[in-house]
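Colleague: I am new to this structure and would like a close look at one part of it. Please walk me through the cross-links, one at a time.

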Amino acid sequence: MTSTTNRAEQGPRRRGLRRTLFGAALAFGLAALTPLTAEAAPEQSASYGSLPGEGRYPEQTACSGRYTQPKVPGGATKTAVYQGRTITLRYFSSSGCGSFARIENAPQGCAAHSNRIDGSKVVWVLETVAPGTGYAATKVINNRDGRQSRAVLICDNQTLASTAWYEARRG
């Protein structure tokens with residue numbers, strides 16, 4: 001009688017184990033079909049990337065962790081309200097590597113934009129907000145050796161905020 005009782009008790013346990021394994025397999029399968037990261041869309045002007053330090057994200061540079069918000073006239077942080085959200089634009093710079101722009105709490109259709117003056121033209125790089133993230137950060141733009149750069153917030157082709165032009169000075 002003991003063996004019958006054990007089998008009767010194991011039946012529901014085995015079904016529970018099967019259900020658990022099936023549920024885990026289903027969840028894994030669905031997860032495999034879902035992208036792990038949302039992809040933002042970087043874009044740039046034709047002459048971007050021609051100077052040292054350009055073409056990399058800040059965390060990929062030798063200055064990773066050493067970017068700061070400089071004393072830009074009018075401030076290195078700006079805010080704008082768009083679609084009921086207060087979006088923050090932040091400008092970061094490092095005298096050794098260049099600068100980049102970051103936006104936070106932004107809907108899709110918005111982009112962080114870094115500009116650099118190169119003679120009489122403006123060189124730029126931008127990064128759009130990836131689905132579900134609410135933020136974007138540009139690749140580094142070179143504002144060293146007499147060049148100036150700034151950060152710009154653009155949503156649906158409208159400039160909503162920008163910082164003043166800034167030149168990184170070696171300290």
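What is the handedness of the link of C110 and C155, and how many degrees are there about the S-S bond?

Modeller: The link of C110 and C155 is right-handed, with 110 degrees about the S-S bond. It joins distant parts of the chain: C110 sits in strand β5 and C155 in strand β8 (residues 149-155), 45 residues apart. Strands here are DSSP runs of E, at least two residues long, and they are numbered from the N terminus.

Some ground rules. This is a predicted model, in which local features need pLDDT of at least 70, side-chain atom pairs count only at pLDDT 80 or more, and totals for chains, interfaces and linings use all residues. Residues are numbered from 1 along each chain as its sequence is written, and side-chain values use heavy atoms, with hydrogens and water left out.

Back to your pair. The sulfur atoms of C110 and C155 are 2.0 Å apart, and the two form a disulfide (a pair of cysteine sulfur atoms within 2.5 Å). Both C110 and C155 are buried. Buried means under 20% relative accessible area, exposed means over 50%, and partly exposed lies in between (1.4 Å probe, protein chains only).

The whole structure has two disulfides. C63 and C97 form a disulfide too, with sulfur atoms 2.0 Å apart. Their link is right-handed, at 80 degrees about the S-S bond. This pair also links distant parts of the chain: C63 is in the loop between β1 and β2, C97 is in the loop between β3 and β4, and 34 residues separate them. C63 has a relative accessible area of 5%, so it is buried. C97, at 8%, counts as buried. Count the bonded cysteines along the chain and the pattern reads 1-2, 3-4.

Side chains of opposite charge can pair when their charged atoms come close. A salt bridge here is a side-chain nitrogen of Lys or Arg within 4 Å of a carboxyl oxygen of Asp or Glu. That rule gives four salt bridges. One of them joins the side chains of E54 and R116, at 2.9 Å from N to O. E54 lies in the loop between β1 (42-44) and β2 (77-82), and R116 lies in strand β5 (residues 110-118), so the pair ties together parts that are 62 residues apart in sequence. Both E54 and R116 are buried.

R116 also meets D118 in a salt bridge, at 3.5 Å from N to O. R116 has 0% relative accessibility, so it counts as buried. D118 is partly exposed, because its relative accessible area is 31%. Through shared partners, salt bridges join E54, R116 and D118 into one network.

Another bridge pairs the side chains of E104 and R90, at 3.0 Å from N to O. E104 is in strand β4 (residues 98-104) and R90 is in strand β3 (residues 85-94), so this pair ties together parts 14 residues apart in sequence. R90 counts as partly exposed, at 24% relative accessibility.

Last, confidence. pLDDT is the predictor's confidence in each residue, from 0 to 100. The protein chain has a mean pLDDT of 83, and 75% of its residues reach 70 or more. Over residues 20-38 the pLDDT is below 50, and beyond near neighbours in sequence this stretch has three contacts in the model (heavy atoms within 4.5 Å). Where pLDDT is low, the predicted coordinates should not be read in detail.

Note on methods:
Helix = DSSP H or I, 4+ residues; strand = E, 2+ residues; numbered from the N terminus.
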